[in-house]
Amino acid sequence: MSQTGALSAIIRMLKRDLTLAVRRMSDVLATLFFFVIVVSLFPLGVGPELETLRIIAPGVVWVAALLASLLALDRLFSDDYRDGSLEQMLLTPQPLTLLVLGKVTAHWMVSGAPLVLMAPLLGMQLGLSWDALQVLMATLLLGTPAMSLIGAVGAALTLGVRGRSVLMALLVLPLYVPVLIFGAGAVEASISGLGAEAHFSLLGAVLVLALVFAPLATAAALRISME
Amino acid sequence: MGLGSINWLKYSSPTTFYPLAGRMIPWLAGVTVILLLVGLYLSFFVAPSDYQQGEAYRIMFIHVPAAWMSMFIYLVMAVYAGLGQVMNTRLSSMMATALAPTGAMFTFLALWTGALWGKPMWGAYWVWDARLTSELILLFLYIGFMSLQAAIDDPRRASRAGALLALVGAINIPIIYFSVQWWNTLHQGASISFDQAPSMAATMLAAMLVMTLAFWTYTAAVVLARVRCEILERERHSDWVAKLLESES
């Protein structure tokens, strides 16, 4: 298959999924509001002192983003699985890995990118400085696509399985640990003046690794699930 | 007959492996009991008490081998899972399934004995030490593997899905381990460092090695017993299982 063919397969998949997402805006907004609500619960639980909140802010925003992206994973393949279009995708001549890449990209654009845009507002509420907010946004920009990619493996493995959402959390959350550590760590390092370059490099490395391996594993998982 | 002349691949078939495993289990179980008795005797009566830690350190004779086994079993599980995916052998994925509960048990045992040791030594049952945290995440990985297999009804799909998850987990384990170590050193200096291992008395080392061997043979015996059940369950519609059950009843 020619190179343009591969690229157009990804783009076509991207367009299709984005169109579907735009026509069902409520799903996108639900993830975003979940993110906002989880972050807002922390001051209520911990107390309103900005000093305390400022310390836990990077971790809180990151864990909330992690849970929100986990919640969004439910929809990644399930609609296509239910109406049978996933089966058609498996039968197309295009490599399944590329189609998966297109789907995950679309998924990130509707579920991950809004989190990145919303994060500074929430960080500000928790008393983060402007510099820290910039680092927070940058880490989420690197981290959320990695989470979408890693999560896709779990979403594909659990297709049509009973108790799916809980099982998916069980499978995917331990794999999110490095992303969480480097993401929240970068913000903390920049607040304490240590410099976040090392964290950024490692977060980037995780993203690149996920970009290479996760679509392959997801494609294999989809084949197992659709047998 | 030399070892080379045996066709080892013959035993990759459940039909031939089932009776072999049955013959091996009593031996392995017997060796386990002997090794455990010797190991426990060495750890409790022969090994000297530590001049810093007193008698409480003796839980290490269970803790350290359990922690080794917990990591080693995941590795073996991933190798079997990979073999099952590549060679498409039925037995490999059954072995992976059979290994998981024992691995999870050893992980839990390592965490539990670690907590019991930590209370007198560190003054806390739990500290967010890098090793403890990665051991905890390893437990989550085991639990994820087992619940995925339990949730899928079709055994063929269950074993293939589990195999893929075990492989993904195996790739992730080093990344998780190093990231946790990094996270720990960045947050605070580790309160206690394991890195400078105190020189051990020869009897202590011997006790630990014997206990490790005992855990090995225990694992082998239990896993073989479990894989026999797994074989019977999955092959229950085949002729050889029907004949076997006839001859046994």
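**Exercise 1. Decide whether A:G102 is buried or exposed in this predicted model, and state which residues surround it.**

Solution. Begin with the neighbour count: in this predicted model, A:G102 has 24 C-beta neighbours inside 10 Å. Since a residue is buried if 20 or more other C-beta atoms lie within 10 Å of its own, A:G102 counts as buried. Finally, take a distance across the sequence: A:K15 lies 87 residues from A:G102 along the chain, yet their C-alpha atoms are separated by 8.8 Å.

**Exercise 2. Work out how α2(A) and α3(A) are oriented to each other, and what kinds of residue make up their contact.**

Solution. Identify the two elements as helix α2 (residues 25–46) and helix α3 (residues 50–83) of chain A, whose axes come within 9 Å and cross at roughly 150 degrees. Because angles over 145 degrees count as roughly antiparallel, α2(A) is roughly antiparallel to α3(A). The handedness of this crossing of α2(A) and α3(A) is right-handed. On the α2(A) side, the residues making the contact include A:F34, A:F35, A:V38 and A:F42, while those on the α3(A) side include A:V60, A:V61, A:A64 and A:A68. Sorted by class, the contact of α2(A) with α3(A) consists of 17 nonpolar, two polar and two charged residues.

**Exercise 3. Find which helices of chain A supply the side that touches chain B, and classify the residues on that side.**

Solution. The contact joins 22 residues of chain A to 24 residues of chain B. At least two residues of this side of chain A are supplied by each of α6 (130–157), α7 (164–191) and α8 (197–225). Of the contributions to this side, that of α7(A) is the most, with eleven residues. By class, the side of chain A that touches chain B comprises 18 nonpolar, two polar and two charged residues.

**Exercise 4. Summarise chain B, then locate B:N88 and say what its phi angle is.**

Solution. Chain B contains seven helices and zero strands, in the pattern α-α-α-α-α-α-α along the sequence. Of its 249 residues, 37% are buried. B:N88 sits in the loop between α2 (60–87) and α3 (90–122) of chain B. Although B:N88 is not a glycine, its phi is positive, at about 60 degrees. With 10 C-beta neighbours inside 10 Å, B:N88 counts as exposed, the cut-off for that class being 12 or fewer.

**Exercise 5. Describe how α6(B) is set against α3(B), and then how it is set against α1(B).**

Solution. Take α3(B) to begin with: its axis and that of helix α6 (residues 202–234) of chain B come within 8 Å and cross at roughly 130 degrees, and α3(B) and α6(B) are therefore oblique to each other. This crossing of α3(B) and α6(B) is right-handed. Among the residues that meet here are B:M94, B:M95 and B:L99 in α3(B) and B:V222, B:V223 and B:V227 in α6(B). The contact of α3(B) with α6(B) has eight nonpolar, three polar and three charged residues.

Now turn to helix α1 (residues 14–46) of chain B, whose axis comes within 7 Å of that of α6(B), with a crossing at roughly 155 degrees. That angle makes α1(B) roughly antiparallel to α6(B). The crossing of α1(B) and α6(B) is left-handed, and the contact between α1(B) and α6(B) has 26 nonpolar, six polar and one charged residues.

Technical notes: Residues numbered from 1 in each chain as written. Chains lettered and ligands numbered in written order. Predicted model: local features only at pLDDT ≥ 70, side-chain atom pairs only at ≥ 80, totals over all residues. Contact = placed C-beta atoms within 7 Å. Helix = DSSP H or I, 4+ residues; strand = E, 2+ residues; numbered from the N terminus. Nonpolar A, V, L, I, M, F, W, Y, C, P; charged D, E, K, R; others polar. Axes fitted to C-alpha atoms, helices over the stretch in contact; angles between N-to-C directions. Parallel < 35°, antiparallel > 145°, perpendicular 65-115°, else oblique. Left-handed = near helix turned anticlockwise from the far one by under 90°.
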